[in-house]
Amino acid sequence: MTRVYNFSAGPAVMPEEVLREAAAEMMDYQGTGMSVMEMSHRSAMYQKIIDEAEQDLRDLMNIPDNYKVLFIQGGGHVQFAMVPMNLFVNKVGDYILTGQWATKAWKEAQLYGTANAIASSKDKGFSYIPDCSDLPVDENADYVYICLNNTIYGTVYHELPDTKGKDLVADISSCFLSEPIDVSKFGILWGGVQKNVGPAGLAIAIVREDLIRKDVLPGTPTMLRYSTYAESGSLYNTPPTYNIYICGKVFKWLKKQGGLEAMKKRNEEKAAILYDFLDSSSLFHGTAAKKDRSLMNVPFVTDDEELNALFLREAQAAGFVNLKGHRTVGGMRASLYNAMPKEGVEKLVAFMKEFEAKHSQ
C-alpha cells in the first residue's frame, strides 16, 4: 500500500516509525499478551508508560520543576472553558484575537466573566499578528490569552506580547514541539495533540503550580479543574490511555531526531522550500503577512476559484491529500508538521510548478 503525502491541519500526519512500532505492539505490548488499549490504567505497566511520556516531554521542552504536565481528555474547546474556570479570580481575561480559535476562546470566557479583546487582526482577515508591544492590558486581568500559531491563517507570534506583568496563557496546538519554547514565560501552555503530537482526543496542559487553585469558579465540574489532574497524576479517571501511549512514542521519536532544536532546523528548511516557490510564483501566492508566517501551516491561493478547485482535484489524484484551505480563507493550505518529510514538500512544489506551467497565461 502506498502512503500519501498528508498535508492535513489535524488530525494530521504521524511519524511512520511510530505507526510501525504501535502496529507491532498492537496485540502484545512488551510480553503482556494484550494491547495497551486493553490495559488497566491502574496497572504498574501503564504507570510506567505515562510516567515516561511525561518525563520525555519535560526533557524535550526543558519544563521547569514548578510546572505540572496534565493529560486532559478533549481538545481546544474544553480548554477554552477550563482556562477561565480555573484562572478567574477578578473574573477578567484579556484576549488577543488572531484567528478563529482565539476568538472562540474569547467568546467562551464571556460565559464566566469579562473577556476583553485587547488587540485583533480581524480587519485584514487574520492575515497578520497585531502589534503587541503596548497593549491596553486591564489592571484587573487574571491573564492575557493568545493562540501562538494560527492553523487556519498561517501566522505565528515571533515575539511574545508584553503582558505588563500579567500571566500569559497560550494555545500551542499547531506548533507544539515544532521548535524550542521558553516555558517559564507562560503561566499555562496547552495544546490539542492531534496536529503535531498524537491522535485526536487529548490535550496536554503545562501549568505553573501557583495557578493550580482550589478556589476555582463556583460550579466548576471536578473534571474541569486543573487540580484534579495535578493531584492524581492525570489518573483521576480513566484517561485516554492509548493516545497518551502514542504521544509517548512520538516524544521518544523526537528525542531520536535530535530534539526540538533539530526539529526547528528541519521545519525551517521545509517551510522555506514552499515559501520560496510561492514568493516567485506567477500563479500561486501565500495569504499570510511575510513577517508573521508560520513554519507549520502555509495557506495559499490562486486568484481563480476554478483553478483552486482544479488544483485540489489534481493534487489529490497525484497523492497530495488534505490540501483544501479552511472555508474562511479558501484556496489551499499545506500543514508541514514534524512528521511531514522534506521529500513531501519538495514533491508538492514540483507538482505546483507543473500545474503553473500548464495554467499560467
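**A friendly tour of a predicted model**

Visitor: In which strand is Asn6 found?
Guide: This is a predicted model, where local features need pLDDT of at least 70, side-chain atom pairs count only at pLDDT 80 or more, and totals for chains, interfaces and linings use all residues. Residues are numbered from 1 along each chain as its sequence is written, and side-chain values use heavy atoms, with hydrogens and water left out. Strands are DSSP runs (E, at least two residues), numbered from the N terminus. Asn6 is found in strand β1, residues 5-6.

Visitor: Is Asn6 buried or exposed?
Guide: Buried means under 20% relative accessible area, exposed over 50% and partly exposed in between, with a 1.4 Å probe and protein chains only. The relative accessibility of Asn6 is 17%, so Asn6 counts as buried.

Visitor: Which side chain has a polar contact of 2.8 Å with that of Asn6?
Guide: A polar contact is a pair of N or O atoms within 3.5 Å; within protein, one must be able to donate a hydrogen and the other to accept it, and residues adjacent in sequence count only if both atoms are side-chain atoms. At 2.8 Å, the partner of the Asn6 side chain is that of Asn322.

Visitor: How many residues of strand β5 are buried?
Guide: Tyr143, Tyr145 and Cys147 point one way from β5, while Val144 and Ile146 point the other way. Strand β5 (residues 143-147) is largely enclosed by the rest of the structure, because the buried residues number 5 of the 5.

Technical notes: Helices (H or I, at least four residues) and strands (E, at least two) are DSSP runs, numbered from the N terminus.
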